[in-house]
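Welcome, and thanks for taking a look at this one with us. Below is a short tour, arranged by topic, to read alongside the coordinates.

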Amino acid sequence: MGSNLRFLSLCLLALIASTHAQLQLGFYANSCPKAEQIVLKFVHDHIHNAPSLAAALIRMHFHDCFVRGCDASVLLNSTTNQAEKNAPPNLTVRGFDFIDRIKSLVEAECPGVVSCADILTLAARDTIVATGGPYWKVPTGRRDGVISNLVEARNNIPAPFDNITTLQTLFANQGLDLKDLVLLSGAHTIGIAHCSSLSNRLFNFTGKGDQDPSLDSEYAANLKAFKCKDLSKLNTTKIEMDPGSRKTFDLSYYSHVIKRRGLFESDAALLTNSVTKSQIIQLLEGTVENFSAEFATSIEKMGRINVKTGTEGEIRKHCAFVNS
C-alpha cells in the first residue's frame, strides 16, 4: 500500500508543479534545442529588408500582453471579426506574416512543441537587438491562449489619447507601475505613427478647430505645414515619433517629450505627473546604457504578464487558429 500512496503523492506533486510551472531560460533546450536559433536566424535573414518590423513586433508583443496576458491571443483570426486583431488599436498592427513564417519553420523542426506566444516574444526581442536596440532575457515556456476578444482589446490596450490617470490604471491592471510606463513608452524612440492618431491635437483639440496647448506650438505648426497637411490622407500618412533618430534606440524620444514635442497625448501625459516627469529627467541625465538596462527590466517584466504555463492553454499548430 505504501508504494501506491507514494506514487499517488508523486502524481499529485507533478500536477501541482504543472499548474504552477514557471517560465525558464532555455525551456526548449531538450524538447526543441534549435528553436531559439531558428527564430534568430530568420530575423537576421529578413530584418534588413524591413527594419521597421522591430517597432511593429514590439508593439504587437505589448498589445498581446495587455489582453489576457502574453498568450498570442492577438494572433488569432475570427470568422466574425470579433478577435483582438479586429479591435481599433490593432488595425494598424503588422508583422503577422513574419510570425507565421517563423512558426512554420519551428513546426517543421519540432511539431507541436513551441508556442506562438514564445515565438512572438523571442522575435520581438531579436528584431530589436538586430536593429541596434537593447538585449533582454526571454525566459520561455508560455502556452497559447484559446480566446481572443475584440472588446477586451479595446478596453485594455492603452490609447494615444489616454491621460496619465488612465495610463496608470491600465498599467497597474497588468502589474506594471509608473516607472514601467515611462520605460516602455521609450520604445517610441523607433516608432512610427499615423497622422490620424494626433489629428485632434493639431486641428480640433476641444472641438473648436484649435490645437492642444500642451504641444509645442512651433512643432505643431511644422507638423501641420509639412507632415500632416493633407487632411484626406491622415489615416495613411506616417510620421516619425522620434524625428531625426528613429532608427536608433536611444534617449532622444525623452528629449522630445520634455520639450513638449511628444506626438501622442499619452506621451505628453508623462509630463503631467511628478513621478513620471522626474523619471524622464533622470533618464536624460543618465547614459543610453542605463536606459537600455532599465528598459530590459521593464520589458522582461511585461513578457511575464499572466502567462499560461504547464497544462494551461495549448501549443497552437498555426498561430492564427486554435487547435480543433
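Does Asp64 count as buried or exposed, and at what relative accessibility? Asp64 counts as buried, because its relative accessibility is 1%, under the 20% cut-off. Please keep in mind that this is a predicted model. The points below start from the positions annotated in UniProt and then move on to charged pairs, a helix and some backbone details.

**The annotated binding site**

- An unreviewed UniProt entry places the feature "binding site" at Asp64, Val67, Gly69, Asp71, Ser73 and Glu84. These positions are spread over 21 residues of sequence, yet they cluster in space, with a largest C-alpha distance of 12.5 Å.
- Asp64 sits in helix H3. Leaving aside neighbours within four places in sequence, its contacts are Gly69, Cys70, Asp71, Ala72, Ser73, Val74 and Leu120.
- Gly69 belongs to the loop between H3 and H4, and it is buried, with a relative accessible area of 0%.
- Beyond its neighbours within four places in sequence, Gly69 is in contact with Asp64, Ile305 and Asn306.

**The annotated active site**

- For "active site", the unreviewed UniProt entry lists His63.
- His63 lies in helix H3 and counts as buried, at 4% relative accessibility.
- Setting aside neighbours within four places in sequence, His63 is in contact with Glu84, Pro89, Asn90, Val93 and Ile157.

**Salt bridges**

- Side chains of opposite charge can pair when their charged atoms come close. How many salt bridges does a search of the whole structure find? The search finds 16.
- Asp97 and Arg101 form one of them, with their closest N and O atoms 3.8 Å apart. Both residues lie in helix H4, four residues apart, which is about one turn of the helix.
- Asp97 is partly exposed, with a relative accessible area of 49%, and Arg101 is also partly exposed, at 37%.
- Asp126 pairs with Arg125 in a salt bridge whose closest N and O atoms are 2.7 Å apart. Asp126 and Arg125 are both buried.
- Asp212 and Arg201 meet through their side chains in a salt bridge of 2.8 Å, N to O. This pair links distant parts of the chain, with Asp212 in the loop between helix H9 (199-203) and helix H10 (217-227) and Arg201 in helix H9, eleven residues apart.
- Asp212 counts as buried at 4% relative accessibility, and Arg201 counts as buried at 0%.

- Asp242 lies in the loop between strand S2 (238-240) and H11.
- Asp242 does have a polar contact of 2.7 Å between its side chain and that of Ser252.
- Not counting residues up to four places away in sequence, Asp242 touches His188, Thr189, Gly191, Asp250, Ser252, Tyr253 and His256.

**Helix H14 and what follows**

- Helix H14 (residues 288-302) has 15 residues and should span 21 Å at 1.5 Å a residue; its end C-alpha atoms are 21 Å apart, which agrees.
- The buried residues in H14 are Phe291, Ser292, Phe295, Ala296, Ser298, Ile299 and Met302. Their cover includes helix H3 (53-65), helix H8 (178-185), helix H11 (252-258) and helix H13 (274-285).
- Thr311 is found in the segment after H14 and counts as exposed, at 52% relative accessibility.
- Thr311 and Ser148 are 163 residues apart in sequence and 19 Å apart in space, C-alpha to C-alpha.

**Positive phi values**

- Most residues other than glycine have a negative phi.
- Arg68 has a positive phi, near 60 degrees. Arg68 lies in the loop between H3 and helix H4 (96-109) and counts as partly exposed, at 35% relative accessibility.
- Arg260 has a positive phi too, near 65 degrees. Arg260 is in the loop between H11 and helix H12 (265-268), and it is partly exposed, with a relative accessible area of 36%.

Terms used
Residues are numbered from 1 along each chain as its sequence is written. This is a predicted model: local features need pLDDT of at least 70, side-chain atom pairs count only at pLDDT 80 or more; totals for chains, interfaces and linings use all residues. Side-chain values use heavy atoms; hydrogens and water are left out. Helices (H or I, at least four residues) and strands (E, at least two) are DSSP runs, numbered from the N terminus. The expected span of a helix is 1.5 Å times one less than its number of residues. Buried means under 20% relative accessible area, exposed over 50%, partly exposed in between (1.4 Å probe, protein chains only). Contact means heavy atoms within 4.5 Å. A polar contact is a pair of N or O atoms within 3.5 Å; within protein, one must be able to donate a hydrogen and the other to accept it, and residues adjacent in sequence count only if both atoms are side-chain atoms. UniProt positions are given in the numbering used here, feature names are shortened, and annotations may be inferred rather than shown by experiment. A salt bridge is a side-chain nitrogen of Lys or Arg within 4 Å of a carboxyl oxygen of Asp or Glu.
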